[in-house]
Structures are given as C-alpha cells and as structure tokens.
Amino acid sequence: MRVLPLFTLLCCAAVSQAARAELNIREVKGGVDHPLLSRFEGAKMVGYNVLQFEQAELAASGPHFKNNKLLVENLLKPEGKYTRIAYVFPKDRSGLEVFRNYQAAIAKAGMKVIFTCEKEACGNLYSFYNNSYLLRDGFISGSNFGNAFRAGLHEPRYLVAKGTQPDGSAVHVALMVGPPLTGELGAISLQIVEGKAMETGKVATALNAGDMARSIAAEGKVAVYGVHFDTDKTAVKPESKDALAEMAKLLQQNKALKVHIVGHTDNQGTPAHNMDLSQKRAESVARTLTADYKIEANRLSAKGVGSYAPVASNDAEPGREKNRRVELVKQ
C-alpha cells in the first residue's frame, strides 16, 4: 500500500459564517500543513513542531492503569522525521464528522489502520496524551486551546495508520479528534512519522570476511562502510573495530591476497583537500591493520581518490554518505 503524495479532506457542507468568525484567530507562527495530510476545512493550526529524527510513541491499544502505572499493551515506536500538528475546529462541527472525514481520506490514500477506538473504548487516552508530546513543553499555543484538547480527550476518537511512501519507506499517522465540549472548540492532533528508506550501500556495514571474499572474487573489490572517521579527520574511530576485524580476517584467511586500501570522500570541500584527506585516511586504515591485527605491510597499498569515483549523487546527504567509504581492491 502506497501513500499518495497529497490527499485532501473534504467537508460536505460549507463552514457557517458564525463559525468562520469564531475561528478568526492567529495561527501558530511557522506552521504548515503536512503534505501527506491536509487540515479539516475551517480548522486553525494552533500547534506545530518538526524534529528531523525522533522515536515517536504511538499507542496502538487503549492505555489503562495497572498497579497505579499507565500501561499501553501495544506501543509503537517508529523512528524518522517526526511532525506533530494541532488544530482546533468550529463548535458547529462534531467530532464524529471530523473523524469520519479523516478516516475516508486515510483509506483513499491506501493506508492501513492498525488501531482505532472511540470514546470509552480508547481507555485512558487522556492520561497518555497529557504525558506525551501533545500537551507538554508548551506545544499548544495558548491556554484556551490547551483546554480544548484536555476537554476533547474525555470523549476521543483515535486511530493509528501505516502506509508506504513512494521511496519505499514507512509512514505512520496517529490521529486524535476531540469533540467540542464544555464550551471549547473541537481539537485535532496529528502525529506523522516518516521513516527513512534503507540505503542499499549501507548493507556493506554488516559484511563479514566471507562476504568480502565473495565480492572480491566476483568484482575485484568490496566497499566497506563500517570504517568511521570524524569530519575532516584522518584517525580511525574506535567504532570501526568490527569492520577492521573482518577486513583482517579476510587477509588472514587468504595469505596470498594483497589489496589496495582506497579512500573515498564526497564532493564537499576542494578536490585537492579531498584527495589529501582520502589518502591520509587510507594510510590510517593500513597502519591500523598492520599495528593492531598483524597484517604484513607489504600486502597493503594505501591510495586516496577523493571524490573522483562516486557511487551515488552528491547532491543530497544520503548520496554523499554512500560515497564516503573505504574499498578493498585486489592488487
């Protein structure tokens, strides 16, 4: 199931003039509707926040108390770009109408609903949301709007849905709709988590010595992404230990094998600087293999080629990250 790039919620009737006047309020500064899911007609945005990478907590079952502790039997924790948006909607719209419109739009987009509940079937969603990103850290703009969410959470309608984006990565949506209660406006909470698609070049981080040997036999080389350096530095970082150990095992098991250790960079910086940086990083890897793993120095030849042999576009960070690598090339 793939999520459409953009889908819009439709209302069956126009918002009344009274309601339009009632919601003549200033929206949160800098807020924009998410491209995957637009607002209900006539709603106003009163909360907006984006984190480029976060682990969200989405309740996929009704929260309940046990031994004075709030428990969620099925708590989803998707990771990725996290967007939270809060809207209020006019008093002449029911929570049911708003929720059904969202349900229809989500279904049309091809997303699968993982969990849904209405009112008392949602358990103690009120306590869960009051302790979550929804209402803490000043997210909702203005105390009156916060009251709308607190009131609406006593009779919530809620769902969690999952879909697939065009690039193959997962997207999760958590929707909570609270009806207008105790004189407050209605409340809508959206949480959207856009996962990142797996980069195929990253498979090399898990290569073992056998995988490396097969790649060298088939292609004469193998890319290793598990050797790490600080930005613009040449010393091999300690977290490179696993990759270096597998490289050493490859050479220990194949005594006749001699390799060029080739350093690659992205295209950030000048070509001359990148050539020098990649050369020194390749030399650092060779020295480490000789000093720490007792690989004969005459079996290793270090060479830096800078950004002259990319395997992906350098126009964006995912491609640049893939281009920053160490390769073992059979001599």
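Predicted model: local features only at pLDDT ≥ 70, side-chain atom pairs only at ≥ 80, totals over all residues.

Me: Over how many bridges do strand 8 and strand 9 pair?

Reply: The two strands form a hairpin with 5 residues between them, and Gly168 in the turn has a positive phi of about 95°. Tyr158 has its bridge partner in strand 9, namely Met176. Strand 9 spans residues 170–178 and pairs with strand 8 in the antiparallel sense, over 8 bridges.

Me: Why is strand 8 described as largely enclosed by the rest of the structure?

Reply: A residue counts as buried when its relative accessible area is under 20%. Strand 8 comprises residues 157–164, and it is largely enclosed because, of its 8 residues, the number buried is 6.

Me: What separates the C-alpha atoms of Phe53 and Gly195?

Reply: Phe53 belongs to strand 1, which covers residues 44–55. With a relative accessible area of 49%, Phe53 is partly exposed. Along the chain, Phe53 and Gly195 are 142 residues apart, while their C-alpha atoms are separated by 8.9 Å.

Me: Is Thr182 buried or exposed?

Reply: Thr182 lies in the loop between strand 9 and strand 10. Its phi is positive, about 50°, although the residue is not a glycine. A residue is exposed when its relative accessible area is over 50%. The value for Thr182 is 71%, so this residue is exposed.

Me: In what order do the strands of the mixed open sheet of 4 strands stand?

Reply: Each edge strand pairs on one side only; these are strand 11 (221–224) and strand 13 (300–304). Strand 11 pairs with strand 14 (residues 325–330) in the antiparallel sense over 4 bridges, and Ala223 has Glu327 as its bridge partner in strand 14. The order of this sheet is 11-14-12-13.

Me: Which strands does helix 7 touch?

Reply: Helix 5 (residues 209–219) lies across strand 11 and strand 14, at about 135° to strand 11. Helix 7 (residues 271–293) packs on the sheet, with a direction that makes about 160° with that of strand 13. The strands touched by helix 7 are strand 12, strand 13 and strand 14.

Me: Which element supplies the largest share of the lining of the largest pocket?

Reply: The largest pocket has a volume of about 570 Å³. Of its 23 lining residues, those closest to the centre are Phe229, Thr231, Asp266, Arg281 and Arg324. Strand 12, helix 7 and strand 14 each give at least two residues to the lining. The largest share, 5 residues, comes from helix 7.

Me: How many charged residues are in the lining of the largest pocket?

Reply: Divided by class, the lining includes 6 nonpolar and 10 polar residues. The number of charged residues in this lining is 7.

Me: What percentage of the residues of the chain count as buried?

Reply: The chain contains 8 helices and 14 strands. Among its contacts with a separation of 6 or more, 71% are between residues 24 or more positions apart. Of its 331 residues, the buried share is 46%.

Technical notes:
Residues numbered from 1 in each chain as written. Heavy atoms only, no water. Pairing = 2+ DSSP bridges. Contact = heavy atoms within 4.5 Å. Axes fitted to C-alpha atoms, helices over the stretch in contact; angles between N-to-C directions. Buried < 20%, exposed > 50% of the residue type's maximum accessible area, 1.4 Å probe, protein only. 1 Å grid on protein atoms, 1.4 Å probe; cavity = no way out; pocket = protein on both sides within 12 Å on 5 of 7 lines; lining within 4 Å. Points joined across faces, edges and corners; volume = space filled by probe spheres on them. Nonpolar A, V, L, I, M, F, W, Y, C, P; charged D, E, K, R; others polar.
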